[in-house]
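This report goes through a few local features of one protein chain. Please have the sequence and the 3D view at hand while reading.

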Amino acid sequence: MNHLEELKEFARLHAQGQGISGRQVAAVLPRITNDEPGHPASWARVWTGEADRLARAGRPLDACRRYALARFPHHGDHIRVRAQHNCVRTFDDWRRRRGVGRLVLDHPEGTVACWTAGLDARRPRPLVLVMGGVVSVKEQWAPLLPKLARLGYAAVAAEMPGVGENTLRYRADSWRLLPFLLDRLAGRADTAETSVLGLSFSGHLALRAAADDPRIRSVHTVGAPVAGFFTDPLWWPRVPGITVETLRRLTGAGDRDELRERLRGFALEPGTLAAVRIPVGYVVSARDEIIPGTERALLGSLVPGARFKEFDDVHGSPAHLGAMRKWLIGSLLRARLTARFGSTPAPGPSAGAVRAGAPSGAAEPPGGPHTAPGG
């Protein structure tokens, strides 16, 4: 599959997760003939045009979603840089009357911007940190924040290093970003009771941070790499080119060989995983083209609190969005009850493994299935 075909396949599979219908995507894709920066029929220019039209029509959130597609997979040329800027600007327009705040933090290595809801120094609430993967910006997940606040949480949406407004470099020790965020949010949220909704590669950061930081009390993820993705030479040739190129850019690697060498240091060791003694909810996609199936087995064998939900889908399970969101929120609420009443999670991977269509034991979350982000 060539680069443009990969871009279009991404749009078909994942636009639904941003509230863009298949019909709307199908109306745009035939007009895209290339990915040459500045070309009128290029990926970024066509999606930017759609976003500009919606912004002028007074539909900032719909515009924001198209700008997010325009800057995909990363803002590496001038049109995508503009789309990234406008993605933030239009979300900023939308969020002002919806109880969503903005927080910009100075990090020793750069800047980290966040969207927030429910932060309150007078009555700090348990924290939920929401973070996407290597290709998704915080504006895709931030509409979830008011819903989490209504469930009694302080909620913060941030980005992985190098993604969106996050100017840090993505490295093997990037998991330290999570303790940094907890340190800076202390006093406005109950960071001693933190849960992480970490989608895809940010789930990897959350698992590593949880092994070291006792403030992280649960992790809920979709298709997170654990070890095999970073080290398996037989799996690597199957990884989509867009994923490889995005990782190369975020890490600063000069070429694919240098990227492979750097990524080996990201793999989570068995001793690190064994130190994760908290509830972990993990959505598995049976046809995941990015994350190898061995990650589930490794996590299940070493993390006693791991529970799994499997969908017959590709990475992020975009075709099962509603069911996946429902399961993730159920996993989050279950972990909260576990912490409150002191029960311990059932050990072993088989006890927590659930296939799509089987009873999961998750409670129906307030607000129905559309209350958590996709993968």
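C87 is buried, because its relative accessible area is 0%, and buried means under 20%. C64 is buried as well, with a relative accessible area of 2%. The structure is a predicted model, so these areas, like the other values here, are computed.

A disulfide is a covalent bond between the sulfur atoms of two cysteines. The number of disulfides counted in this model is 0. C64 takes part in none, and the nearest cysteine sulfur to it, in C87, lies 3.7 Å away. Seen from C87, the closest cysteine sulfur is the one in C64; at 3.7 Å it is too far for a bond, because a disulfide needs the two sulfur atoms within 2.5 Å.

## Confidence along the chain

The average pLDDT of the chain is 89, and 90% of the residues score at least 70. In residues 344-375, the pLDDT is below 50. This stretch still has 75 contacts in the model beyond near neighbours in sequence.

## Helices α3 and α5

Helix α3 covers residues 43-56 and helix α5 covers residues 78-95. Their axes are 10 Å apart, and the helices pack at an angle of about 25 degrees. Angles under 35 degrees count as roughly parallel, and α3 and α5 are therefore roughly parallel to each other. Their crossing is left-handed.

Which residues of α3 meet α5? On the α3 side they are W43, A44, R45, T48, D52 and A55. On the α5 side, the residues they meet are I79, R80, R82, A83 and T90.

## Helices α10 and α11

From α10, the contact involves G241, V244, L247, R248 and T251. From α11, R256, L259, R262 and L263 take part.

How values were computed
Residues numbered from 1 in each chain as written. Predicted model: local features only at pLDDT ≥ 70, side-chain atom pairs only at ≥ 80, totals over all residues. Heavy atoms only, no water. Buried < 20%, exposed > 50% of the residue type's maximum accessible area, 1.4 Å probe, protein only. pLDDT = per-residue confidence, 0-100. Contact = heavy atoms within 4.5 Å. Axes fitted to C-alpha atoms, helices over the stretch in contact; angles between N-to-C directions. Helix = DSSP H or I, 4+ residues; strand = E, 2+ residues; numbered from the N terminus. Parallel < 35°, antiparallel > 145°, perpendicular 65-115°, else oblique. Left-handed = near helix turned anticlockwise from the far one by under 90°.
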